[in-house]
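Colleague: I have a new model open. Can you walk me through how to read it?

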Amino acid sequence: MSEDRKRAIAQSKNIPIVTKASLLYGDSTVTRALIAAIPYCGGSLDLILSQKGEKFVQQRMETLISEISLRLDQVESCIIKPEDEEGVYDLFQSVCEKVIRTKSENKIKHFARLFSDCVSGEKEWDETEAALRLISDFSETHIMILKIFAHAKPSETDGFTGLKVIPLFDNSVIKDVEPLIESLNYLSEAALKMYCSELVSKALLADEGATRFVGENINILGATPLTGWLLDKIGVSAQS
């Protein structure tokens, strides 16, 4: 491949970054030799980078397009006005960039729903972009935790009455709700606390323990208005 051709690929805005990497990598003899020399997994990495990377991108994009087509086929109308065209373009570019970086089919479906609902609805570009960023940053475990909180029954414990609160590891304070770790027993305590801390940092969960009791930080959490907002955006009911 000529230097001009390499430069054209690198500068193109129409080629996904993963595809660019695959095309440029396949023509780089020195880089390929270095990758292949990595102990144990060098050969596999070389195969993935040189041949399979573009295939992975194509499969993910096909899933996205199929989901968008399916969803838009079910709406009564979808009118794209001239003043909306730039917003549609930017949103689709943002969705594609996130899709090629995830192997989760569920996340790709969430991205497709967010795009389809936006372009066929109120064209809430900024709000949809915010939801896209959250879904891109979160794993399916994060979403599962949000579902559990959204569907929790309001507590009857003094100090928490009417709140959807759940203790993480023990119910010595919140006695009428089983600890979150019981529903996610495949996680270690450290991992569960990490997932929940990330949700608290985005205001998708509230640290109710820290608000009411000294020393209960990230031990008693509650749903927030944003919990239901994000779940509604991706089509998950926040009602029990």
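This is a predicted model: local features need pLDDT of at least 70, side-chain atom pairs count only at pLDDT 80 or more; totals for chains, interfaces and linings use all residues.

Colleague: Are C96 and C118 buried or exposed?

Modeller: C96 has a relative accessible area of 13%, under the 20% cut-off, so C96 is buried. C118 is buried because its value is 3%.

Colleague: Which strands does β3 pair with?

Modeller: Count the bridges. Strand β1 (residues 165-167) is joined to β3 (residues 220-223) by 3 bridges, and the two run antiparallel. In that pair, V165 faces G222. Strand β2 (residues 205-207) also has 3 bridges to β3, again antiparallel. There L205 partners A223.

Colleague: How should I read helix α5?

Modeller: Start with the general geometry. An α-helix has 3.6 residues a turn, so residues three or four places apart point the same way. Now the case. Helix α5 covers residues 85-99. From first C-alpha to last, α5 reaches 21 Å, close to the 21 Å expected. Its buried residues include G87, L91, S94 and K98. C96 is on that list too.

Colleague: Which residues have the most contacts inside the largest nonpolar core?

Modeller: They are L64, I145, L180, L192 and L230, in a core of 51 residues. Helix α6 (residues 105-119) gives the most to this core, 7 residues.

Colleague: What does L180 touch?

Modeller: Leaving out residues up to four places away in sequence, its contacts include I145, F149 and L192. I166 and P167 are also among them.

Notes: Residues are numbered from 1 along each chain as its sequence is written. Side-chain values use heavy atoms; hydrogens and water are left out. Buried means under 20% relative accessible area, exposed over 50%, partly exposed in between (1.4 Å probe, protein chains only). Two strands pair if DSSP finds at least two bridges between them. Helices (H or I, at least four residues) and strands (E, at least two) are DSSP runs, numbered from the N terminus. The expected span of a helix is 1.5 Å times one less than its number of residues. A nonpolar core is a set of buried Ala, Val, Leu, Ile, Met, Phe, Trp, Tyr and Cys residues joined through side-chain atoms within 4.5 Å. Contact means heavy atoms within 4.5 Å.
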